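Me: Hi! Could you walk me through this protein? I'm new to reading structures.

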Amino acid sequence: MNGLAFDIAHVLAGGLVLVSFMMLYQNRLYALLNIFALQAVVLSLSVAWQAWVQGATHLYVTAIIALVFKAIIIPVALHRIIGRLGIHREVETVVGVGLTMLAGIGLVALSMVIMLRVTAGADPLAREDLSFALSVVLLGFLMMVTRRNAVSQVVGFMSIENGLILAGTGAKGMPLVVEISVAFSVLIALFVIGIFLFRISERFDTVDSKALDRFQGERQ
């Protein structure tokens, strides 16, 4: 791979990590969904570039799936769910944004140290993509842990899946059947999540996980 192709792949994969930090910083649901859509666009560009660099045409299918499902269908569906449920538009956090960002920086550093040592004999592009992918996955977990709103936790879960896709494409691609099954799994998960959100909202008049924990404690 020539230097320019490597640099572009590096920038796109690193862009996913940057957008993950933007999601951690965001405290409004609609803006969070828009940033998630941006992450999906960056992911589709990264996968499409990998398809061109590797000469793996089936990865273009992955890029299209990420663009259609992650950047369009899922954000639009979650926008409508928020509107239908009348969910509070601000995202409440367990800890402050500053501490969350510092924890995110630590997780990215940990990802780089672990993956660059474990994959010392691998292809340079695969090593860096796997490092960035692990960073996106850990930042997604961090979002799920530090957010109280169920919708923002769903976005964190979807972000984890984006990191897994980046890892699969960086490691010389995934079989097409895996890509299609992942897309349908995510779509089914979205429907299930939507149903649960509606049911939770009808039952408890909130989707705040802290309020749900408090209700469980009262029941006990």
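Reply: Happy to! Let's start with a term: a salt bridge is a side-chain nitrogen of Lys or Arg within 4 Å of a carboxyl oxygen of Asp or Glu. Please keep in mind that this is a predicted model.

Me: Okay, how many salt bridges does a search of the whole structure find?
Reply: The search turns up one salt bridge. Its partners are Lys70 and Glu161, and their closest N and O atoms are 2.3 Å apart.

Me: Where in the chain do those two sit?
Reply: Lys70 belongs to helix 3 and Glu161 to helix 6 (residues 150-170). They are 91 residues apart, so the pair links distant parts of the chain.

Me: And are Lys70 and Glu161 buried or exposed?
Reply: Lys70 is buried, and Glu161 is buried too.

Me: Let's zoom out. How many helices and strands are there?
Reply: The protein has eight helices and zero strands. Reading from the N terminus, the elements go α-α-α-α-α-α-α-α.

Me: How much of the protein is buried?
Reply: Buried residues account for 46% of the 220 residues.

Me: At what angle do helix 1 and helix 4 pack?
Reply: Helix 1 and helix 4 (residues 97-118) pack at about 155°, and their axes are 9 Å apart. Because angles over 145 degrees count that way, helix 1 is roughly antiparallel to helix 4.

Me: Which hand does that crossing have, left or right?
Reply: Helix 1 passes helix 4 in a right-handed crossing.

Me: New topic: the surface. Which residues make the nonpolar patch?
Reply: Among them are Leu18, Met22, Leu38, Val41, Ile64 and Val68, and the patch covers about 870 Å². The elements giving two or more residues to the patch are helix 1 (3-25), helix 2 (29-54) and helix 3 (58-85).

Me: Which helix gives the most?
Reply: Helix 3 does, with six residues.

Me: You listed Val68. Why does Val68 count as partly exposed?
Reply: Val68, which lies in helix 3, has 34% relative accessibility.

Me: What about Ser44, buried or exposed?
Reply: Ser44, found in helix 2, counts as buried because its relative accessibility is 6%, and buried means under 20%.

Me: Last one: how far apart are the C-alpha atoms of Ser44 and Val68?
Reply: They are separated by 9.3 Å, and the two residues are 24 residues apart along the chain.

Note on methods:
Residues numbered from 1 in each chain as written. Predicted model: local features only at pLDDT ≥ 70, side-chain atom pairs only at ≥ 80, totals over all residues. Heavy atoms only, no water. Patch = residues over 30% accessible without salt bridge, like charges linked within 9 Å, V, L, I, M, F, W, Y side chains within 5 Å. Areas by Shrake-Rupley, 256 points an atom, 1.4 Å probe, with all protein chains shown as cover. Helix = DSSP H or I, 4+ residues; strand = E, 2+ residues; numbered from the N terminus. Buried < 20%, exposed > 50% of the residue type's maximum accessible area, 1.4 Å probe, protein only. Axes fitted to C-alpha atoms, helices over the stretch in contact; angles between N-to-C directions. Parallel < 35°, antiparallel > 145°, perpendicular 65-115°, else oblique. Left-handed = near helix turned anticlockwise from the far one by under 90°.
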